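Please examine the sequence and the three-dimensional structure shown below before reading on. The explanation is meant to be followed with both in view.

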Amino acid sequence: MATPALDIRNLSVSYQTDRGELRALRNINLQIPAGRIIGIVGESGCGKSTLISAIIRLLAPNARISEGEILFRGDDLLGLDPKAMRALRGNEISVVFQDPMTSLNPVLTIGRQMLDVQHREKHPKAKKRARAIKMLERVGIPDPAEQLNRYPHHLSGGMRQRVAIAMALMTDPGLLIADEPTTALDATLEAQIIYRLQQLQRDFGCAILFISHHLGVIAELCDEVVVMYAGEVVESGTTRDVFLKPQHPYTRKLLDCDPARIKQATRKLPVIDGSLPDLLELPGGCVFRPRCDRCIETCAIERPELKGDRHRVACHVAGL
Amino acid sequence: MSVQRGVIAEIFGRLRKDSLGMTGLVIVVVILLASIFAPVLTPHDPLEVDVYNRLVSPSWQHWLGTDQLGRDVLSRVLFGGRIALKVALVAISVSMAVGLLLGMMAGFGPKWLDRLLVICFDTLRSFPTIMFALAIVALTGPSLNTVIGVIIITSIPVYGRIVRTQTQALRENDFILAERAMGASTARILRDHILPNIAAPLLILASMDVPAVVGMEAGLSFLGLGVTPPTPSWGNILSDGYSYLRNSPWPIIAGGIPLILVTLGFTFFGESLRDILDPKLRGKDGKG
C-alpha cells in the first residue's frame, strides 16, 4: 500500500488547566490514504478541533502533545522546525474553517486575499490574478473577475465559503482539512458545497479530512468514517460498513439520533442519555461505559483497544 | 494600482456628500495652503519691527493690524501656521509610527512584553503634560525641538494603547487563524492583515489629534516653554497680544481664530472620515 497522505499514530494531546491536566485526545490512530475523503464524526467537545490544531501545529499555548506522531507523506510533522512547518501550511496542507463569515479579512478585497495566498510564488501579479479568477470559477462563483474587487461583506455565506475553499485549493495541497465547512450554511447550500467539494476532490486528487457532526453529509461525501468520542477513536471503517453495520454502541446511538433515519412521526427526538465524561477525571476502563447500555464487567476495568482490520472498533462487547 | 485609486476616489465621493466633513476638508486645505505659501502670500516680513506703527488697527497696509513691536500680525499668523503644522506633522507621524510598532508588539507578542509595554505607557501617561514639559525645558531650554519631543513622548502611549487593544481584539479572529493555517508568518500577518484593519481608526485618531497637538504647541509657546520669540507661533502671538488686550484686541483675535479653525476643521474632517472608512459601508454605492 502506498504511503498515506496523513498517518496519525498514537497521538495524545492534553491541555494544562487550572484544575489539572485535561486529556483532550488519547491515543488517536487515524490514516488518510492519498486522494481519499475521510470523515470525522462526533459530538461537540470530542476533540475534533484539537485534532485539526495538532495536525497543523497551531495548538493553544497551554496544549501539549504528550506522545505520538503525525506523519504527512511519511515525515513526522511534530519533528519539523517552525519554519518548515509554516512552509507546509497553506501549501501542502490547507484548512477551510467553519464560519465563512469570520474566516475572511473584512477590510481586504477578495482579490487581495486571493493574491496574498500565493505569496510564495514568484509570478507577476497579472498571472496570480488570472489564477485567482480561474479558481473562483472552479468553485462555482459567477462573474469571478468582478468578485475580486469586492469585500467579503458583499458576498453571502455560501459564496464566502466557496471563496475560502478556492483559497485553500489555490496551492494544490496534498491534504485539505475541512472543519465543519457547511455547518454555518443552510441545507440547500450545504448540498451544493458538498457536491462541489466532491467534484474538486476528483479534479485535484487531494486527500480531504472532513469534520462534521452531520451524519448525512458524511455519508454522502466520505469514503471512510472515523467516529470519535471524548477524545478517542471508537470506530472507523468504510462509510458503508460504519453506517450499515455499526459495531460500537456509541455509533449505533448516534445513528439512531439522526433525524433523517427516524421513520415514525414523533415530537420527541431520541437522545443519548448522559453527557461527555469529565476529561480531567476520566473513568477507568471504557470512556463510553457511563452512557452505554450493553456494558459488561470488563468495561469498567480494561480500556478497549481499537481492533479489527478495515472496520475497526474499540469495544469489548462488539461482535459478541 | 487601479484598486487603490478606486478607494481614494470612493472616499472622496462619499466625503462630498457629507457637508460637515467637506467643510472640514476645505478648512484643512485652506490652512495647509496658507501655511505652505506663507512667504508668497504676505507682503511683510513677520520679524520686521516698525516702532512707528505699533498696535495699529487693521488697515489696507496691515490687514490684521500690528503688534506691540509694529510687526504685521497677518504675516505672523501665516508663518505661525507653518510652525504649528510642522509640529503636528512631525510629532504625530513619529509618535504614530513608534506607537504602532510598540502597540503591535504588545498586542501580538508574549504576555510579559505586553505587561512591560503597558507599564511604560501608563507611566508616561501619568505625568501631567505641562509638568513634564517644564521638566524637559528646564533640562534642555525652550525650543521648537523640545516642543516636538515632549509631544512625541506624551503621544506615543496614546497611539500605542489603541494599537495594542485593536491588535488584541483582532488576533483572536478566525481570519487570523485562517492566515496562520495558510502558512503566513507573524510579520506577514501583522503587515498585511492586522495593519489594514487598524489603519482606519489610526488615521481618524491622527486627524483628531492635530488640534490637540497644535493647541499644545500654542500652549507651551504661550507659557514661554516652546518656540522662542521672535519666531512667530500662534502661542507667541497670543502671549504678546495678551498684555495689550485692552488697547488692541487684534493680535489676540488673530492668533485665536486659526486655533479655532484648526480644531473645527480637523475634527469635522476626522469624524467624517470615521464614517467613511467603516468597511461595512465601503463600496455600497455603485457596484456594491
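This is a predicted model: local features need pLDDT of at least 70, side-chain atom pairs count only at pLDDT 80 or more; totals for chains, interfaces and linings use all residues.

Chain B has a mean pLDDT of 86, with 94% of its residues at 70 or more. Within chain B, the lowest mean pLDDT of any element, 71, belongs to helix H1 (residues 2-16) of chain B, and the highest, 93, to helix H5 (residues 111-126) of chain B. Residues 284-288 of chain B have a pLDDT below 50, and beyond near neighbours in sequence this stretch has 2 contacts in the model.

The largest nonpolar core holds 95 residues, of which A:Leu175 and A:Leu209 touch the most other members. Helix H6 (residues 157-169) of chain A supplies the largest share of this core, 8 residues. Leaving aside residues up to four places away in sequence, A:Leu209 touches A:Leu6, A:Ile32, A:Ile38, A:Ile40, A:Leu175, A:Ile177 and A:Ala178. Another core, of 55 residues, lies apart from the largest one and includes B:Val28, B:Met96, B:Tyr159 and B:Ala218.

Chain A also contains a strand whose residues are buried throughout. In strand E9 (residues 224-229) of chain A, 6 of the 6 residues are buried. In a regular strand the side chains alternate between the two faces of the sheet. Accordingly, A:Glu224, A:Val226 and A:Met228 point one way from E9(A), while A:Val225, A:Val227 and A:Tyr229 point the other way, and all are buried. Strand E3 (residues 37-41) of chain A runs parallel to E9(A) and is joined to it by 4 bridges; here A:Val41 has A:Val227 as its bridge partner. Strand E10 (residues 232-238) of chain A, by contrast, runs antiparallel to E9(A), with 6 bridges between them, and A:Met228 stands opposite A:Val233 in E10(A). E9(A) and E10(A) form a hairpin with 2 residues between them, and in the turn A:Ala230 has a positive phi of about 50°.

A further sheet of chain A is open and has 4 strands in the order E2-E1-E4-E5, paired in the antiparallel sense. Strand E2 (20-32) and strand E5 (75-76) of chain A each have a single partner strand and stand at the edges, so one side of each is left without a neighbour in the sheet. Strand E1 (residues 6-17) of chain A pairs with E2(A) over 9 bridges in the antiparallel sense. In this pairing A:Ser14 stands opposite A:Arg23 in E2(A).

H6(A) has 13 residues and reaches 18 Å from its first C-alpha to its last, close to the 18 Å expected at 1.5 Å a residue. How much of H6(A) is covered? H6(A) is mostly covered, with 12 of its 13 residues buried. The buried residues of H6(A) include A:Arg160, A:Gln161 and A:Arg162 as well as A:Val163, A:Ile165 and A:Leu169. Their cover includes strand E6 (93-96), H3, H4, strand E7 (175-179) and helix H7 (187-204) of chain A.

H3(A) is likewise mostly covered, with 6 of its 8 residues buried. These are A:Ile110, A:Gly111, A:Gln113, A:Met114, A:Leu115 and A:Val117. Among the elements covering them are helix H4 (125-138), helix H5 (144-147) and H6 of chain A. In the loop between H5 and H6 of chain A lies A:Asn149. Is A:Asn149 buried or partly exposed? Because 16 other C-beta atoms lie within 10 Å, A:Asn149 is partly exposed, the cut-off for a buried residue being 20 or more. A:Asn149 and A:Ala87 are 62 residues apart in sequence, and their C-alpha atoms are 28 Å apart in space.

The last topic is the contact between the two chains. Here 25 residues of chain A are in contact with 20 residues of chain B. On the side of chain A that touches chain B, the elements giving two or more residues are helix H2 (82-88) and helix H3 (110-117) of chain A. The residues on this side of chain A comprise 11 nonpolar, 9 polar and 5 charged.

Technical notes. Residues are numbered from 1 along each chain as its sequence is written. Chains are lettered from A and ligands numbered from 1 in the order in which they are written. pLDDT is the predictor's confidence in each residue, from 0 to 100. Two residues are in contact if their C-beta atoms, placed from the backbone, lie within 7 Å. A nonpolar core is a set of buried Ala, Val, Leu, Ile, Met, Phe, Trp, Tyr and Cys residues joined through C-beta atoms within 7 Å. Two strands pair if DSSP finds at least two bridges between them. Ala, Val, Leu, Ile, Met, Phe, Trp, Tyr, Cys and Pro count as nonpolar, Asp, Glu, Lys and Arg as charged, and the others, Gly among them, as polar. The expected span of a helix is 1.5 Å times one less than its number of residues.
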